[in-house]
Amino acid sequence: MKRILVTGAGGFVGARIMEQLMGPAIEFLPFPPGRMAGISREELCELVLRLHPDVLLHTAALSDTGYCEAHPEESYRANVSVPLWIAEAAGELNAKLVAFSSDQVYAGLQDTGPFEEDLPLHPANVYGRHKLEAEQRVLELLPSAVLLRATWMYDLPGYGLPIRGNLILNLLRASLHNEPLRFSCRDYRGVTYVRQAVENLLPALELPGGVYNFGCENDYDMYTTARHFCTVLGITPSLEKADWPRSLRMDCRKAREAGIVFDSTFDNVTRCLQDYGVSPLL
């Protein structure tokens with residue numbers, strides 16, 4: 001039986017890992033809730049060594065980009081220091097480390113992509129800079145570690161699991177309350193149904209060490225993407241066009257060649273609705 005320690009086990013991704021991947025071949029060890037915020041390096045390493053997992057799945061992060069911008073010291077601790085401490089513990093145990101990074105490392109690139117993992121990067125926000133530094137320093141310390149650059153993820157409420165703001169919920173809320181939403185015709189990024197991301201974590205455990213783009217690819221701008229989601233959902237919120245540029249669009253060929261396959265962003269939302277017993281309208 002494989003023992004997997006999950007950080008952020010009560011969060012959006014971590015809770016779904018615990019619920020969705022539970023099975024006779026895996027024993028999940030949730031990192032104690034509430035401990036991560038104030039834990040020291042020594043306490044974290046002692047806890048991990050005592051639990052003695054075969055795999056560490058690090059999903060915990062401080063991921064609100066606006067909050068990280070206003071509180072860079074907190075962001076650095078959560079998004080750089082803690083992953084390094086976890087990598088140290090994994091190295092002592094000779095355990096596999098799989099940790100979530102972010103498509104925000106691509107923020108600030110002038111091209112529209114799609115971007116491969118080996119591009120030189122200079123992220124335009126604090127969160128992206130800290131995630132990139134964590135990738136680099138974790139791999140220096142533990143070359144076998146796998147860092148997954150995840151897209152923006154979404155889910156519908158259900159299964160008693162925690163939910164957070166995401167594209168599909170934002171659109172539903174806007175439709176319900178007759179509130180306009182703005183999306184740029186020059187903003188590009190993949191958007192991923194979180195349950196497919198969780199499903200792909202098991203093969204990710206077998207990846208060679210390195211950085212991997214991880215999620216749905218998307219050839220369309222976010223205004224077009226939002227309109228497609230609305231069509232599939234059968235809702236008609238007011239969508240306003242904006243014109244600010246950004247691209248977080250990823251080329252996921254490296255993961256795909258290793259056997260990790262995602263739907264396209266457009267196909268993925270159809271899968272989400274089918275999982276919840278909702279008939280897509282497109």
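Which hand does the crossing of α9 and α11 have, right-handed or left-handed? Before I come to that, a word on conventions: this is a predicted model, in which local features need pLDDT of at least 70 and side-chain atom pairs count only at pLDDT 80 or more, while totals for chains, interfaces and linings use all residues. Residues are numbered from 1 along each chain as its sequence is written, and side-chain values use heavy atoms, with hydrogens and water left out.

To the question, then: α9 and α11 cross in a right-handed sense, meaning that the near helix is turned clockwise from the far one by less than a right angle. Helices here are DSSP runs of H or I with at least four residues, and strands are E runs of at least two, numbered from the N terminus. The axes of α9 (residues 222–233) and α11 (residues 265–275) come within 10 Å and cross at roughly 30 degrees, the axes being lines fitted to C-alpha atoms over the stretch in contact, with angles from 0 to 180 degrees between N-to-C directions. That makes α9 roughly parallel to α11, a label for angles under 35 degrees, whereas over 145 counts as roughly antiparallel, 65 to 115 as roughly perpendicular and the rest as oblique. Contact, which means heavy atoms within 4.5 Å, involves residues including His228 and Phe229 of α9 and Phe266 and Val269 of α11. By class, this contact has six nonpolar, five polar and no charged residues, where Ala, Val, Leu, Ile, Met, Phe, Trp, Tyr, Cys and Pro count as nonpolar, Asp, Glu, Lys and Arg as charged, and the others, Gly among them, as polar.

The second pair is α2 (residues 41–51) and α4 (residues 72–93), whose axes come within 9 Å and cross at roughly 40 degrees, and the two are therefore oblique to each other. Their crossing is right-handed, and the contact includes Leu44 and Val48 of α2 together with Trp85 and Ile86 of α4. Its class count is nine nonpolar, no polar and three charged residues.
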